[in-house]
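Visitor: I'd like to learn how to read aromatic contacts in a model. Can you walk me through it?

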Amino acid sequence: MEKRKELTVSAIENGTVIDHIPADSLFKVISTMQIETMDTTITIGNNLDSNRLGKKGIVKISDKYPSIEDMNKIALIAPTARINIIKDYKVSNKQKVEIPDNIVGMFKCMNPKCITNNEKMKTKFAVVEKNGNLQLKCHYCEKHTDQEHFETI
Amino acid sequence: MKNKSLISINDYSPEDYYRILELAEAFEKNPNQNLLEKHVIASLFFEPSTRTRLSFESAISRLGGRIVGFSEASSTSVSKGESLADTIKTVSQYSDLIIMRHPIEGSARYASEVASVPIINAGDGANQHPTQCLLDLYSIKKTQGTLENLNIFLVGDLKYGRTVHSLLMAMSNFNPTFNFISPENLKMPEEYKHFLDKKGIKYYEHEEFTDIISEADIMYVTRVQKERFSDPMEYEKVKNAYVLKREMLINTKPNMKILHPLPRVNEIDTNVDEDPRAYYFQQALNGVYTRMAIMSLILGIK
């Protein structure tokens, strides 16, 4: 029997597709990108079959294109993600996300005694370990926060 | 170094260390100079620390400077809920340099970003205490004649002790060999051992004092605190294993010196004090010269 190839999530005309998000990171991506505040058409799928990830999530955002900052954020939460820019139903630009060297105001420092958890201010981190388990070093208290303890602000 | 805050020992290069140590040496020879006569220095101690505060105030007084500040936060606007940023911005208007001790980690770095004058970190929680590290370097250089190729023993609480971590980082510039002596649960954290591995610096770990101490040039002792043990029985078992006694020093090198950041409780027996290898009280005095040097360089008067 011929295998029918069908899109589980419908295509968009123009916009951004964030594909290959690990299923358990989908909602983190959604909240970090503040997708809930967007007013264009958004399609979200999760637990879709993926050869690479087992189960994956996908987000399609019509008529919006991510900033570099957004892509950095996605890289940290979902390093396997692929970002496709869609123009006229076609992929015009396919990008693998890249982990930035520095991160400002995105995650909380996991050290409760850090000044960033005690004063109204932005957090700042240097990414000290990019391969395997991501490690952030706080610019202020110099303590490390690992991927397991990432908590978005 | 002029106008540059001193927040972490890693902010300064080995050349900077040498510059500070040279100037500290000059101050030791001639400690009373009116170099800070026209300066007002703020000493903000958000948590009490008698030793560090008196050392700084002694250094400022010997250089003829004037001090404004407080020695604990409860009598200040902080207790009314003022933010650290506001306190620092205000005090910046009253002074040429701020010396700050604060229980929250990273507070000094943050203060240096909002202040219009330089900040010297006099301890931010368990994070950094760079002037302590520089006075340790001064003590090592003064007693050994060099910082290069020394065998440094770090003893006691190597897990939480910020002074041993800073000293390890600073000394790693000078090709040392390290020996760590600590109870199992207070061992040197992996990240520091990883750092030494990467730099190709040799280190050895021990759980008790052995004959190995005869190789030491410097023995840096810290307190093993009861609070660090979840099981009080564990503490009782190890507490006497990390007490340095005079009879243990018999085979140590004549040039070997025992350092301790103080306050000492019982980890160095008082009978060690009379031994010529005991150096911790001179070390405290060296803190005054080192702080004179740091302040003069930051204020640009030397």
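Visitor: Which residues form one aromatic cluster?

Guide: B:Tyr17, B:Tyr18 and B:Phe174 do. Bear in mind that this is a predicted model, where local features need pLDDT of at least 70, side-chain atom pairs count only at pLDDT 80 or more, and totals for chains, interfaces and linings use all residues. Residues are numbered from 1 along each chain as written, chains are lettered from A and ligands numbered from 1 in the order written, and side-chain values use heavy atoms, leaving out hydrogens and water.

Visitor: What makes two rings a pair?

Guide: Rings of Phe, Tyr and Trp (its six-membered ring) pair if their centres lie within 6.5 Å; planes under 30 degrees apart are stacked, over 60 edge-to-face, the rest tilted. Here that rule gives nine aromatic pairs over all chains. Take B:Tyr17 and B:Phe174: their centres are 6.4 Å apart and their planes at 55 degrees, so the pair is tilted.

Visitor: Is B:Tyr17 buried or exposed?

Guide: Buried means under 20% relative accessible area, exposed over 50%, partly exposed in between (1.4 Å probe, protein chains only). B:Tyr17 is at 2%, so it's buried, and B:Phe174 is buried at 2% too.

Visitor: How is the pair B:Tyr280 and B:Phe281 arranged?

Guide: Edge-to-face, because the planes are at 65 degrees, with the centres 5.3 Å apart. B:Tyr280 is buried at 1%, while B:Phe281 is partly exposed at 47%.

Visitor: And which charged end sits over the ring of B:Phe56?

Guide: The rule wants NZ of Lys or CZ of Arg within 6 Å of the ring centre and within 35 degrees of the ring normal. For B:Phe56 it's B:Arg291, 4.9 Å from the ring centre. In chain A, A:Lys87 lies over the face of A:Tyr65, 5.2 Å from the ring centre.
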